[in-house]
Amino acid sequence: MKNIMNAVVLEKIVEMFIIMMGGVIACKTGLIDENTTKKMSNLLLMLVSPLLIFQSYQMDFNIEFFYGLLWTLLASIIAFIIMIVLANIIYKGDDHRLSVEKMSTIYSNCSFIGIPLVDGILGAEGVLYLTAYVTVFNILVWTNGVWIMGGGSDLKSAWKNLVSPAILSVFIGVFCFVMRIHLPEIVSEPVQMIADMNTPLAMIVAGSNLARTNILKSLKNVRLYSVSFVRLLLFPLTSVAVLYLMHLEFYISFTVFIATACPAGATTIMFAEKYGRDARYASEIFTVTTVLSAVTIPLLSMMSVSLLG
């Protein structure tokens, strides 16, 4: 079973890397530009991903799945508490870049990269469990994240951002799941078709973003490697240890692991621009961790399957 899962994980990651290269080629050849990429990203975040999340709940109510969702929620909360505490210990001082590093290491690209990864490896059940992690992520990124980047300012207005399509799709999906409400096939089929666009669209957008960054220059910044170590190795390995001790069902533990193993999220770049932090440095962290994650995620996945499976 573990060997089969290892093979599936590696296969799916390679497939997504190939699609990502398609995005790089499309950008380099002028097929898509920065404006197109932004629109594709908005389409992904506002329509495609929320529909994928909603569709993951369109299954027959199962009390085990419901309890699994609650256990994933608990595991996600514990994982975030540990990462926030460790980040506050690691990143101390007056350096203006510390806030960017702290947020980059705590908040991964669990939605943009995590959803297609989990969907490709575990399918709808994995996506269903991942929504619990994404929910905790969204609540904390708009509270703790605002506190980190804004120095405690603008915290009240930040709560308004919690009403996003991704969060709404979770609550609507859970309601339909518990109440056993299923969309008629004539509606469900086109919704599923749009949801199926999530992985290829996400990887093409990621490839396009990578194509427009000076990766070689970023890779020469030694400080980025310490941040990458925390985000891509220390935090995922810590989460694996905690999940191992919790003895959770494999789909739950592996889903939370994948979410913590993802590279730094683009949210940090957006927050850096909003609160006057070093947005360029945030972009470099995003780029380098995304590139390195192509190596770290497969390697850590092999290990986690052996421990958690």
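**Notebook: helix packing and aromatic rings**

I looked up helix H4 (residues 98–106) and helix H13 (residues 223–246), which pack at about 25 degrees with their axes 9 Å apart. Helices here are DSSP runs of H or I, at least four residues, numbered from the N terminus. I took axes as lines fitted to C-alpha atoms over the stretch in contact, with angles from 0 to 180 degrees between N-to-C directions. H4 and H13 are therefore roughly parallel (angles under 35 degrees). From H4, the contact uses Leu98, Glu101, Ser104, Thr105 and Ile106; from H13, Arg223, Val227, Val230, Arg231 and Phe235. Contact means heavy atoms within 4.5 Å.

I noted the source. This is a predicted model, where local features need pLDDT of at least 70, side-chain atom pairs count only at pLDDT 80 or more, and totals for chains, interfaces and linings use all residues. Residues are numbered from 1 along each chain as its sequence is written, and side-chain values use heavy atoms, leaving out hydrogens and water.

Next, the rings. I pair rings of Phe, Tyr and Trp (its six-membered ring) if their centres lie within 6.5 Å; planes under 30 degrees apart are stacked, over 60 edge-to-face, the rest tilted. I get 12 aromatic pairs by that rule. In one of them, phenylalanine 61 and phenylalanine 66 are tilted, 6.2 Å centre to centre with 45 degrees between the planes. Phenylalanine 61 is partly exposed at 23% relative accessible area, and phenylalanine 66 is partly exposed at 25%. Buried means under 20%, exposed over 50%, partly exposed in between (1.4 Å probe, protein chains only). I found Tyr57, Phe61, Phe66, Tyr67 and Phe177 in one aromatic cluster.

Technical notes:
Helices (H or I, at least four residues) and strands (E, at least two) are DSSP runs, numbered from the N terminus. Angles under 35 degrees count as roughly parallel, over 145 as roughly antiparallel, 65 to 115 as roughly perpendicular and the rest as oblique.
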